[in-house]
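Trainee: Can we go through this model together? I have a few questions.
Mentor: Go ahead.

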Amino acid sequence: MEAIGHQAPEADVVAHLAEIRARIARAARDGGRAPEDVTLVCVSKTFGAETIKPVLAAGERVFGENKVQEALGKWPELKELYPDAKLHLIGPLQTNKARQAVAFFDCIETLDRSKLAAALASEIERLGRHPKLYVQVNTGAESQKAGIVPQEADAFIANCRKEYGLEIAGLMCIPPVDEQASPHFALLNRIAKRNGIAELSMGMSADFELAIQLGATHVRVGTAIFGKR
Ligand SMILES: *Cc1c(COP(=O)(O)O)cnc(C)c1O
């Protein structure tokens, strides 16, 4: 059955959340944008339902999980309490889990290869369920990291659209840990613009304000809300 998962004190989590919301709003206004134009994706991976509940109770509705199996273990219970909660898959997806991902997630942020595009297209057709799809771009071209490399992004996006009939709603990136994030965020923004893509998932606990300055529509924040994993 479901693992209980990491726990964090409710008061801490709620206080952290208030602070993150204020910082997101400030960063948006500083960039001449409306705070509502930036969606906070609360990254709840490894944390148990009891730690996630106060964040739902405080009004958050968009959550990020990196493993299909873990999400299936803890979210049915939470979705019963909060049916309008939305789940983003932010971790790598194996083609053999495409069906579960399409059935359960509202947004899959990690589309990065043709085989997965084909699997998602066929499951979307079969299930009649249409989660939003983001293409993950490996902006640092790191060999160990998932995502399509920047030079291949335009062709891959075009292929997803034409070959598989997929609608690409957004792009996602995870910059290299040891580099300035801003060039990576700016690159993702340029790839989105020239491909007519509106949503940009970029920025984590350490750099979400910078990402907002550079056009993020979705920031994925875990540690700064829930604490250390
Ligand atoms: C874990 C994770 C995050 C959250 O990172 P924090 O530094 O804890 O905010 C964001 N995006 C992805 C893809 C992740 O795996």
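Trainee: How many disulfides does the count come to?
Mentor: Zero, where a disulfide is a pair of cysteine sulfur atoms within 2.5 Å. For Cys42 the nearest cysteine sulfur is that of Cys107, 14 Å away. Cys107 is in no disulfide either, and its nearest cysteine sulfur, that of Cys160, is 14 Å away.

Trainee: What should I know about the model before reading on?
Mentor: It is a predicted model: local features need pLDDT of at least 70, side-chain atom pairs count only at pLDDT 80 or more, and totals for chains, interfaces and linings use all residues. Residues are numbered from 1 along each chain as its sequence is written, and side-chain values use heavy atoms, with hydrogens and water left out.

Trainee: Back to Cys42: buried or exposed?
Mentor: Buried, because its relative accessible area is 0%. Buried means under 20% relative accessible area, exposed over 50%, and partly exposed in between, with a 1.4 Å probe and protein chains only. Cys107 is also buried, at 0%.

Trainee: Now the ligand. Which residues surround it?
Mentor: Among them are Val43, Lys45, Ile90, Met204, Arg220, Gly222 and Arg229.

Trainee: Where is Thr46?
Mentor: In the loop between strand 1 and helix 2. Helices (H or I, at least four residues) and strands (E, at least two) are DSSP runs, numbered from the N terminus. Thr46 has a positive phi of about 70° although it is not a glycine. Most residues other than glycine have a negative phi. Thr46 counts as partly exposed because its relative accessibility is 27%.

Trainee: What about Ala141?
Mentor: Its phi is also positive, near 45°. Ala141 sits in the loop between strand 5 (132–136) and helix 6, and is partly exposed at 48%.

Trainee: Which residues of helix 2 are buried?
Mentor: In helix 2 (residues 49–57) they are Ala49, Thr51, Ile52, Pro54, Val55 and Leu56. Their cover includes helix 1 (10–30), strand 1 (39–43) and helix 3 (68–81). Gly59 follows helix 2 with a positive phi near 110°.

Trainee: Why does the span of helix 7 agree with its length?
Mentor: Because at 1.5 Å a residue its 13 residues (182–194) should span 18 Å, and its end C-alpha atoms are 19 Å apart. The expected span is 1.5 Å times one less than the number of residues. Buried residues of helix 7 include Phe185, Leu188 and Ile191.

Trainee: What do its buried residues pack against?
Mentor: Helix 6 (150–164), strand 6 (170–172), strand 7 (199–201) and helix 8 (208–213).

Trainee: Last one: what is Val38 in contact with?
Mentor: Leaving aside neighbours within four places in sequence, its contacts (heavy atoms within 4.5 Å) include Ile24, Ala28, Ile212 and Val219. Val38 is buried at 9%.

Conventions:
A residue is near a molecule or strand if one of its heavy atoms lies within 4 Å of it.
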